[in-house]
Amino acid sequence: QVQLVESGGGLVHPGGSLRLSCATSGIIFSIYVMQWYRQAPGKQRELVALITNDGSTSYADSVKGRFTISRDNAKNTVYLQMNSLKPEDTAVYYCRAEHPRNADYDYWGQGTQVTVSS
């Protein structure tokens, strides 16, 4: 059974930091492209960051220079370090595991709430 479990969300003041984690099980983690998405109320889900199986990363323009995605293949976990948080970063953050060659193997976590407010 495949599981993706996000953690680390919460309430933070503008300018603060949070580190999200997504622990996976039931997949060969090292071969998957891991991604973080977010969805704010009334908006579409958007891709925030991704990291390939060889460690290449890419980011949405809105988070470049503030967020860092990383992975630990030994722990089957992907992280999202979020610094200099802004109120517009408020959203539910989701982890996604996407097989690079087979679209049938595409998994999502349940999401974790991040709220940036003074």
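These legends describe close-up views of aromatic pairs, charges over rings and a disulfide in a predicted model.

**View 1. Tyr-32 and Tyr-107 form a tilted aromatic pair.** The search of the whole structure returns two aromatic pairs. In the pair shown here, the ring centres of Tyr-32 and Tyr-107 are 6.3 Å apart. Their planes meet at 45 degrees, so the pair is tilted. The two residues come from distant parts of the chain, 75 residues apart. Tyr-32 belongs to the loop between strand E3 (18-25) and strand E4 (33-39). Tyr-107 belongs to strand E10 (residues 106-108). Tyr-32 is buried, because its relative accessibility is 5% and the limit for buried is under 20%. Tyr-107, at 21%, counts as partly exposed.

**View 2. Tyr-37 pairs with Trp-108 across strands E4 and E10.** The ring centres of Tyr-37 and Trp-108 lie 4.8 Å apart. The angle between their planes is 55 degrees, so this pair is tilted; edge-to-face would need over 60. Tyr-37 sits in strand E4 and Trp-108 in strand E10. Tyr-37 is buried at 13% relative accessible area. Trp-108 is partly exposed at 35%.

**View 3. The charged end of Arg-45 sits over the ring of Trp-108.** The distance from the charged end of Arg-45 to the ring centre is 4.8 Å. Trp-108 also takes part in the tilted pair with Tyr-37. Trp-108 has a relative accessible area of 35% and is partly exposed.

**View 4. Arg-19 lies over the face of Tyr-79.** Arg-19 is 4.0 Å from the centre of the Tyr-79 ring.

**View 5. A disulfide joins Cys-22 to Cys-95.** One disulfide is found in a search of the whole structure. The S to S distance is 2.2 Å. The angle about the S-S bond is -80 degrees, and the link is left-handed. The bond connects distant parts of the chain, 73 residues apart. Cys-22 lies in strand E3. Cys-95 lies in strand E9 (residues 91-98). Cys-22 is buried, with 0% relative accessible area. Cys-95 is buried too, at 0% relative accessibility.

Notes
Residues are numbered from 1 along each chain as its sequence is written. This is a predicted model: local features need pLDDT of at least 70, side-chain atom pairs count only at pLDDT 80 or more; totals for chains, interfaces and linings use all residues. Side-chain values use heavy atoms; hydrogens and water are left out. Rings of Phe, Tyr and Trp (its six-membered ring) pair if their centres lie within 6.5 Å; planes under 30 degrees apart count as stacked, over 60 as edge-to-face and the rest as tilted. Helices (H or I, at least four residues) and strands (E, at least two) are DSSP runs, numbered from the N terminus. Buried means under 20% relative accessible area, exposed over 50%, partly exposed in between (1.4 Å probe, protein chains only). A charge sits over a ring if NZ of Lys or CZ of Arg is within 6 Å of the ring centre and within 35 degrees of the ring normal. A disulfide is a pair of cysteine sulfur atoms within 2.5 Å.
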